[in-house]
Amino acid sequence: MSLFSRLFTKETEKEAITIVHLGRVQADGGRCVQCGVCGYNCPVGIDVRSYARQGLSVDDPACITCGQCIQVCPRGTLRWERMVIDEA
Amino acid sequence: MKHNGTAVAAHHAQAALHYVIVGNGAAGVTAAETIRAHDARSRMTIVTAEPSLMYSRPGLAYVITGEIPPRQVIARRAEWYEQLRLDVVHSAAEALDVSARRIYLANGSFLTYDKLLIATGARATPPPYPDASLKGVVYLDTLTGTKQLIQQARRGRRAVVVGGGITALEMVEGLIHQKVETHYFLRGKQLWNRVFNDTESALLDEQMQAHGVHIHYQTEAQEILPSRWGRKVRAARLPDGSEFRCDIFGVAIGVKPLLDLVQDTPVQLDRGILVNEFMETSVPDVFAAGDCAQAYDPWTRQHTLDILWPSAVAEGRVAGLSMVGARQPMQKGTPFNVCKLFGLHVTIIGQINPRSSANDEPEVVQHLSRGSSETWFSRAAHHTSAWSSAGSNTLRLVMDEERLVGALLIGEQTLADPLRTLIQAQADISAIRPALLAGGDELRTELLRFWHAYQKQVEQ
Ligand SMILES: Cc1cc2nc3c(=O)[nH]c(=O)nc-3n(C[C@H](O)[C@H](O)[C@H](O)COP(=O)(O)OP(=O)(O)OC[C@H]3O[C@@H](n4cnc5c(N)ncnc54)[C@H](O)[C@@H]3O)c2cc1C
Ligand code: SF4
Ligand code: SF4
């Protein structure tokens, strides 16, 4: 559980959906400027930038889903992949 | 380096060609990647005037703020070029002969092309007054220049920065990080006055002052003065004749497309290289993309300049497709930029109703500033603004009777993606227009509600 950084967010009250982030980082390629701030801060040295460029999810078994890359990206390119596991 | 033009493959429909790309930036490498995806056999050469491999120019801002070391901006390794079978030549292209299909390089050699892409980008403009050649005059423009800037900052004590756009603000932030006493000179009465309104400007002003920036409104430099012996910056001269001591003079007054290579050739120019929606220039087999290209924009129905990374990538792709004969017109999306200035996220989308250009920083009138699009500043007739602000979060919407045409967000970014989609899709917002015009909290709630309904409708 601690490795999978689980965050629970609520959408608007009307559609209370519980979203669980199972730890894949997703990129919006159109926002990325290839600066490399993400990969520089990745504790396991994943080349996040090359995923971001192609608009892909970080699909690397070494990823410990720490969320560092998401936090440091100055362009808001990265986010948790949304996975709806439970609809309230 | 001479190309042997006789290598023609008999048994393939398409002959092996030589694609030459001048410019190893976002546009150039994207074009190369696109070409290779469609043509596995042909020869490709990319020419660059810089010593490094392809790097992220916007990333330079994070080098001076110390977020990353200089080498981290390199975005493509040598293996990437090898895999793509893309030869790199580190030498400036100096002349183009379109009838002989040749590019002449500074190293004395030349390249013969079948298809040529010009993706030379744009460079920072020097100040219109002397003496820009002094040591201590710095730009945030190239990797080499940025390393010099950092070196100067380590030795320097007091900096003056001039220029009205994002790059100037990023430079100020970087110098503050480098512990240099930084004075920001502005001709007008507010920050980035082409883009921000009074509240937006005041918000950033507050943030900058809190970081220790000295902002001098309505202050202009007229000359950069040298030290008594040597060629170093000593002071800036102000219009009243007084001298403002400084050892660094940062210039970010705008950029200009690099057109030297095509000057005095049949390639048609305006402020940039004129291209149609296929990135074709007026000369057959010569293409242009990125900051140096002035491409047709359906939003403004004009040929506009974009100094934006995503535009350079998109144009590079379209150029690559045209070069391999798989022509597809450019679908110029809504111009969009997000940046982080002194900890505040700023997002600009579409047309943002600029104020009149009377108060512009002198430079920005002549040259576009980095990270901007001319579309932001094009003013259509019946646009109205709506406004909501709370603390360090602001939201400004620009709309006509039925649709949103632009938005500017500072701080809170929840609505950035929804707004980008709604603006791009030209969604009909007439039903919520009154609520939007009411502004304040209602604007945000209404917009979010509308967005959720819109998404549902699109899904169905
Ligand atoms: C500090 C800074 C901040 C920025 N911020 C943003 C931002 O927030 N958002 C955004 O979207 N954009 C931003 N930009 C702009 C963005 O970097 C450019 O739009 C983008 O890099 C353009 O790519 P390009 O391939 O057209 O040109 P460039 O990246 O400029 O590449 C041009 C290439 O051509 C080569 N070249 C030029 N002339 C010759 C010649 N004669 N012979 C051989 N080679 C030559 C150069 O060496 C280089 O390799 C910023 C830029 C800077 C510097
Ligand atoms: S930090 Fe963000 S913008 Fe920079 S390379 Fe990574 S994903 Fe792209
Ligand atoms: S979530 Fe952490 S480990 Fe995974 S790519 Fe991002 S920074 Fe690296």
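Which polar backbone atom lies 3.1 Å from an oxygen atom of ligand 1? Before I answer, a word on conventions: this is a predicted model, in which local features need pLDDT of at least 70 and side-chain atom pairs count only at pLDDT 80 or more, while totals for chains, interfaces and linings use all residues. Residues are numbered from 1 along each chain as its sequence is written, chains are lettered from A and ligands numbered from 1 in the order in which they are written, and side-chain values use heavy atoms, with hydrogens and water left out.

The answer is a backbone atom of B:Ala26, and this pair is a polar contact, by which I mean N or O atoms within 3.5 Å, where within protein one must be able to donate a hydrogen and the other to accept it, and residues adjacent in sequence count only if both atoms are side-chain atoms. Side chains also reach oxygen atoms of ligand 1, with a polar atom of B:Thr48 at 3.1 Å and one of B:Asp291 at 2.8 Å.

Let me turn to the two chains themselves. Their contact, meaning heavy atoms within 4.5 Å, takes 19 residues from chain A and 27 residues from chain B. The area buried between them, that is, the accessible area (1.4 Å probe) lost on being put together and summed over both, is about 2,000 Å², and carbon and sulfur atoms give 48% of it. Four salt bridges cross this interface, the rule being a side-chain nitrogen of Lys or Arg within 4 Å of a carboxyl oxygen of Asp or Glu. One of them joins A:Arg31 to B:Asp417, with the closest N and O atoms 3.0 Å apart, and eleven residue pairs are in polar contact between the chains, both residues at pLDDT 80 or more.

Finally, the other two ligands. Ligand 2 is surrounded by 13 residues, the closest being A:Cys32, A:Cys35, A:Gly36, A:Cys38 and A:Cys73. Ligand 3 also has 13 residues around it, and here A:Cys42, A:Cys63, A:Cys66, A:Gly67 and A:Cys69 are the closest.

Terms used: Near = heavy atom within 4 Å. Buried area = accessible area lost by both parts, 1.4 Å probe.
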